[in-house]
Amino acid sequence: MAMWQPEENGLRQILQLLKESQSPDTETQRAVQQKLGELNNYPDFNNYLIFVLTKLKTEDDPTRSLSGLILKNNVRAHFERFPPEVTSFIKQECINSLGDPSPLIRATIGIIITNIIIKGELHNWPEVLPHLCACLDSEDYNICEGAFGALQKICEDNAEILDSDMADRPLNVLIPKFLNFFRHQSPKIRSHAIACVNQFIISRTQALMVHIDTFIQNLFYVAKDDDSEVRKNVCRALVMLVEVRIDRLMPHIDQIIQYMMERTQDIDETVALESCEFWLSLAEQKVCKDVLGPHIDRLVPILVKGMRYSEIDIILLKGDIEEDDMIPDKESDIKPRFHKSRTHSNQKHDESDDADSDDSYDDDDSLSDWNLRKCSAAALDVLANVFHEEILPVLLPILKETLFHVDWEVKESGILVLGAIAEGCMSGMIPHLPELIPYLINCLSDKKALVRSITCWTLSRYAHWVVGQPHDQYLKPLMTELLKRILDANKRVQEAACSAFATLEEEACTELVPYLGFILETLVYAFGKYQHKNLLILYDAIGTLADSVGHHLNKPEYVNMLMPPLIQKWNMLKDEDKDLFPLLECLSSVATALQSGFLPYCEPVYRRCVCLVEQTLTQNYANLSQPDQYDPPDKDFMIVALDLLSGLAEGLEGHIEGLVANSTILKLLFQCMQDPMPEVRQSSFALLGDLTKACFQHVRPCIPEFMPILGANLNPEFISVCNNATWAIGEISIKMGADMQPFIGIVLTQLIDIINRSNTPKTLLENTAITIGRLGLVCPQDVAPLLQQFIRQWCTSLRNIRDNEEKDSAFRGVCHMIGVNPAGVVQDFIFFCDAVASWMHPKPDLKDMFYKILHGFKSQVGEENWSKFSDQFPQPLKERLTVNYGV
């Protein structure tokens, strides 16, 4: 068959297009894109592209490579539509040109090959791997390197396919082959070989595991390589091996630790960063303390040194610009925000978001890339959590030297160290805090902005201790200085101060009440001062304040300070502006805290939330009916709106009745509760529970439609959805009373299943137990027959929660059920006794119910059996029952 040849005219057109596509002008770019779209209608357009890449040596490399990259995009977009003769021409050209003299062209060919394989073409191109493998043995360096480059990309992109039966397990041949090249004379080839094998460590690929010792030996052979790329790949391998095969590293662990300490100080920062990850991986292993103990006094100083800003960091951070608060933010600086939906528990929203901001080393988030400084700080943090006080003898002398150093970069790294060890070494640090905290408070007014910002973060890590001391000593001076920093002239300091203040609010809670006026003045002033990005963080600080002080915020002078700027922002924002998310979250917390104080503002806020839900549902319906004409909506708008409605219902209680009566919210809720997205359902059930408590008269007519949906969502695979559905069922049953009877069958079996599952999270267990108890309270005849199936788990779930209304209603329910079916509790009576003893101050009539059940059981079994039975009780339980109930 004759070789395909381009036509002169067509080739000229394509070269012109490639030249134009390198133009910075947007109009030209748009024209190029349109022309590319048209050219894709010609069957042999892709032949021209591969021809320019592989044959047209008269053009410069960037132009040829660009041609290849356009071809790669076409392969990704519509490879299945390529005519067979085009496909085979492209494959043949790739194979023939692997050894092009230009590294850029070789790399581009490798990218095309791996993309064809991603498209599932390994079975239609069986010769490609054997051919690449054979090329590795070529005397021609270019051919060997081109083939290896392609193989590395294939291993990165197609690891699973290579290890599957479909492909005849080529790795059994490839991995031993790769291992042979660790000792090749070319550093580029050595680097490719290690990178190829590294793709198969984490998945514990069998073909590698059988050669694991050879692999490790070969890594040691190249460990001290002159080439930084090779060293980086060696370090990457060792980091992964610690996770998956530490058993094979143990015989050499001391040498490996010494090697990784050297590499963490490598002159090439990318190698240092790669090896610094080793300490994070090692800290997760049980053996960490034993194997690292002998080296810790040498490792700690290395990590501390890595925590300094490098010169390039300071340039990128504009560390020399001290005042920038008047410069508007670029939109690209603002990270996308994700909304956390509401979760209900008997202690209300239990987000348990411990993993949140207080220990993300993002004091310099415009370098949101992971760097040596952040990695060293994270490593010190995890090691402090392994060794605790034992690392302080090494650290304290270093801290003394760095914290008071004349160079601000050194001093700044010392303050970061202090923050990094806060969690792990807290008890050992306490004797030093009376001296350190005032020093840090003083550093808040340092002349360098980067010192002020890191000090905010470090102080937030000690907030718990500060709050526990007499206020005049530390809390007041800290608060005064942090509030000044919230109004700093540097945006990075403003951000760090706002985040630190939010942490302080969470720790101090109502301890802040005496200072509320002072705090609000500052936060409200910041509204007028902040640029876009920090405004979003300010909303969070205000929301956290409202969560922390609750109804204490509901004083006319506070409401009049806080609400006007919030409502002003609310009126400025359009319905499709994502800045609504943090503002709505903030208003939700404020509404819950202000309670009736929010009344003057509630109507427009309520209406807009209902409107946001309605718009999202309408857009969603349009997208489902005509996907090619309408984009799917961003459902976060609906979720945030549902959550703010929950906040309103919870804060305003009965006052919301009129608003609900005149709106379609329950119709909308019926649709939201059936949304495929779990977060939408989670927020819907939270709102349903809050509306049930606030204005049940409007919810009641919908119960026959709502209950089957609630029953269908009792699926612990989606923990938060299940949790909120369970909570809502409990609230509904209290309001329905005996009328709940027809719906018991829809939910009870699932609830009993959940309470008996072995790995159900604590919050869900407690909510399930409370809801079962409440169902038993209103319909004891229906629930009591199943008592024996859940009573033991029920008692153990609720013995640890504080006395409150929800616990009260649940225990009353169980007492009613025992009255109906006393035999159901006999086998587990000791658990019931234990749960009763967990009450501190039950209401008199509930205490009387407990008394009757305990004495009834005692008289039923007789004195002798009772004393045998109560001899099994732990001493504290025995004493409490004797003192409180006389048994």
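Author: One definition comes before anything else. A crossing is left-handed if the near helix is turned anticlockwise from the far one by less than a right angle. The crossing of α29 and α30 gets that label: left-handed. Keep in mind throughout that this is a predicted model.

Reader: What makes α29 roughly antiparallel to α30?

Author: The angle does. Helix α29 (residues 516-529) and helix α30 (residues 532-549) cross at roughly 160 degrees. Angles over 145 degrees count as roughly antiparallel. So α29 is roughly antiparallel to α30. Their axes come within 10 Å.

Reader: Which residues in α29 and α30 meet?

Author: From α29 come L516, I519, L520, L523, A526 and F527. From α30 come L535, L538, Y539, I542, L545 and V549. By class, the contact has 12 nonpolar residues, no polar ones and no charged ones. Tyr is counted as nonpolar here, and Y539 is one of the residues from α30.

Reader: Why are α37 and α38 called roughly antiparallel?

Author: The test is the one already used: over 145 degrees. Helix α37 (residues 678-699) and helix α38 (residues 703-712) pack at about 160 degrees. They are therefore roughly antiparallel to each other. Their axes are 14 Å apart. The crossing of α37 and α38 is left-handed. On the α37 side, F685, L688, F696 and V699 make the contact; on the α38 side, I703, F706, I709 and L710 do. That contact has 8 nonpolar residues by class, with no polar and no charged ones.

Reader: Now the rings. What makes the pair of F832 and F850 edge-to-face?

Author: Take distance, then angle. Rings pair if their centres lie within 6.5 Å, and planes over 60 degrees apart count as edge-to-face. F832 and F850 lie 6.4 Å apart, centre to centre, with 80 degrees between the planes. Both tests are passed, so the pair is edge-to-face. The pair links distant parts of the chain, 18 residues apart. F832 sits in helix α46 (residues 829-837), and F850 in helix α47 (residues 844-861). Both F832 and F850 are buried.

Reader: Why is the pair of W866 and F873 edge-to-face?

Author: The ring centres of W866 and F873 are 6.3 Å apart and their planes stand at 90 degrees, so this pair is edge-to-face. W866 is buried, as is F873.

Reader: Which residues do ring pairs link into a cluster?

Author: The cluster consists of W794, F811, F829, F832, W839, F850, F857, W866, F869, F873 and Y885. A search of the whole structure finds 24 aromatic pairs.

Reader: How do you know that I189 is buried?

Author: Buried means under 20% relative accessible area. I189 has 0%, so I189 is buried. I189 belongs to helix α10 (residues 187-198). Leaving aside neighbours within four places in sequence, I189 is in contact with Y141, C144, E145, F148, F181 and H184. I189 and E731 are 67 Å apart in space, C-alpha to C-alpha, and 542 residues apart in sequence.

Reader: Why does R802 count as exposed?

Author: Exposed means over 50%. R802 has 62% relative accessibility, so R802 counts as exposed. R802 is in the loop between α43 (787-798) and α44 (805-820).

Reader: Q595 and E653 both have a positive phi. What makes Q595 partly exposed, and what makes E653 exposed?

Author: Q595 has 35% relative accessibility, so Q595 counts as partly exposed. E653 has 52%, so E653 counts as exposed. Q595 lies in the loop between α32 (580-594) and α33 (599-625). E653 lies in the loop between α34 (636-652) and α35 (657-661). Phi is about 50 degrees at Q595, which is not a glycine. Phi is about 50 degrees at E653, also not a glycine.

Reader: How many helices and strands does the protein have?

Author: The protein has 49 helices and 0 strands. The C-alpha trace spans about 100 × 70 × 65 Å along its principal axes. Of the 887 residues, 57% are buried.

Terms used. Residues are numbered from 1 along each chain as its sequence is written. This is a predicted model: local features need pLDDT of at least 70, side-chain atom pairs count only at pLDDT 80 or more; totals for chains, interfaces and linings use all residues. Side-chain values use heavy atoms; hydrogens and water are left out. Axes are lines fitted to C-alpha atoms, for helices over the stretch in contact, and angles run from 0 to 180 degrees between N-to-C directions. Helices (H or I, at least four residues) and strands (E, at least two) are DSSP runs, numbered from the N terminus. Angles under 35 degrees count as roughly parallel, over 145 as roughly antiparallel, 65 to 115 as roughly perpendicular and the rest as oblique. Contact means heavy atoms within 4.5 Å. Rings of Phe, Tyr and Trp (its six-membered ring) pair if their centres lie within 6.5 Å; planes under 30 degrees apart count as stacked, over 60 as edge-to-face and the rest as tilted. Buried means under 20% relative accessible area, exposed over 50%, partly exposed in between (1.4 Å probe, protein chains only).
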